[in-house]
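Here's a quick briefing on how this chain holds together. Have a look at the model first, then walk through the topics below.

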Amino acid sequence: MNSDTFRRTSARRLAAATAAAALAAGPVLLAAPAQATGVEEHGGGAAHAAVLKAGLDVSLLDKTVDVPVNTSLNEVRAPQSADKKALSLTVDGVNKGRPFSMVSADVADAKATVAGGKAEGYVNIVNAKVHVPGLRGLSLIALRQVTAKATCEAGKHPVASANLLGDVTVLGKTVSLSTGGPTKVSVPDVGDVSLELSQTHTTSRTAAATALALDVSVNPLKLNVADVKGSVKLATADCTAPKPSGGHHGGGTPSKPTAPASGEPSGAAPSAPDVRAQSATEPKPAKSSAQDLAETGSSSTTPYIAGGAAILLLAGAGAVVLAKRRASH
């Protein structure tokens, strides 16, 4: 191989190596910082719903046997969104070794979702009956329809609602309920039930709703065959709003909490169990149309793209010039 051929081959190899190095560096130079999407994934958001939750102490055979009944029907939780629609609930150990049917309904739907910066719990119950041990053929409560809903959206004040539609029968008696306070029902030789209607509670990031809450004390004919005491809740839903991302990930100065609106009461109600009050983060101000127009022509990635392109161009030109020089000698 003569010297000219060697120089040409070396120049070509050098040019190829330089171009390859520039191409390899291109993705690094053109990479732009990750952009926040507005709300972190789930971002602390959560939702919960249940058709029924019961905490009862059942004493059988003159209190020689105590059986705690802590159970629920269609209880669901998110961020793993869920939807349950079972129409009945049976419990064991309180009916002489046989399963005891505690709840039956035509519709018993509970949903919990966290998606798109919003957490929500929802319950719908239609034509339901709840029974407790010792009451043969007599339901603790029978109702036509109740709903409960709690919605918590990032940057917005949470909302909770609970509704009762149609008549309610407690221990065989039709009763009228109000939101002004508990309604007490006493049936001689059967027992006592206290009902709370449409309990709702909200904070800056949380909401909770319960359609019906019952305090139960039942001892039919005072025979002590089945003495039942405790609580039953029908249609409960609660949620916690996802946290706004604040426009960046990782460490940084957290947003300051917003001041309460002028129409909002200065004294906040005490937090319900399992519901934590947390300060809201300050929402971002809306961009003006002029700002939107100014941003349509470029973005924060433009300097990176321009710089990377310039470096690639210079690297390629340098490789060509160097190749020509070596080839001419």
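Predicted model: local features only at pLDDT ≥ 70, side-chain atom pairs only at ≥ 80, totals over all residues.

Residues are numbered from 1 along each chain as its sequence is written, and side-chain values use heavy atoms, with hydrogens and water left out.

**Salt bridges**

- How many salt bridges does a search of the whole structure find? It turns up 5, counting a side-chain nitrogen of Lys or Arg within 4 Å of a carboxyl oxygen of Asp or Glu.
- Lysine 229 pairs with aspartate 227, with the closest N and O atoms 3.1 Å apart. Aspartate 227 is buried, at a relative accessible area of 6%.
- Salt bridges with shared partners also join Lys53, Glu75 and Arg77 into one network.
- Within that trio, glutamate 75 and arginine 77 bring their closest N and O atoms to 3.3 Å. Glutamate 75 is partly exposed at 22%, whereas arginine 77 is exposed at 53%.
- Lysine 149 forms a salt bridge with glutamate 120, the closest N and O atoms being 3.9 Å apart. Lysine 149 sits in strand β8 and glutamate 120 in strand β7, so this pair ties together parts 29 residues apart in sequence.
- Lysine 149 is partly exposed at 34%, and glutamate 120 counts as buried at 18%.

- Strands here are DSSP runs (E, at least two residues), numbered from the N terminus, and two of them pair if DSSP finds at least two bridges between them.
- Strand β6 (residues 100-115) runs antiparallel to strand β7 (residues 118-130), with 12 bridges joining them.
- Alanine 115 has lysine 118 in β7 as its bridge partner. The hairpin of β6 and β7 has 2 residues between the strands, and glycine 116 takes a positive phi near 60 degrees there.
- On to the next pairing: β7 and strand β8 (residues 141-153) are antiparallel too, over 12 bridges. Glycine 121 has alanine 150 in β8 as its bridge partner.

**The disulfide**

- With a disulfide taken as a pair of cysteine sulfur atoms within 2.5 Å, the count comes to 1.
- Cysteine 152 and cysteine 239 make that link, their sulfur atoms 2.0 Å apart. The pair connects distant parts of the chain, 87 residues apart: cysteine 152 in strand β8 and cysteine 239 in strand β14 (residues 226-240).
- The torsion about their S-S bond is about 70 degrees, so the disulfide is right-handed.
- Cysteine 152 is buried at 0%, and cysteine 239 is buried at 2%.

**Nonpolar core**

- A nonpolar core is a set of buried Ala, Val, Leu, Ile, Met, Phe, Trp, Tyr and Cys residues joined through side-chain atoms within 4.5 Å.
- Which members of the largest nonpolar core touch the most other members? Out of 66 residues, they are Leu52 and Ile141.
- Leaving aside neighbours within four places in sequence, leucine 52 has contacts (heavy atoms within 4.5 Å) including Leu73, Leu89, Val103, Val130 and Leu234.

Methods: Buried < 20%, exposed > 50% of the residue type's maximum accessible area, 1.4 Å probe, protein only. Helix = DSSP H or I, 4+ residues; strand = E, 2+ residues; numbered from the N terminus.
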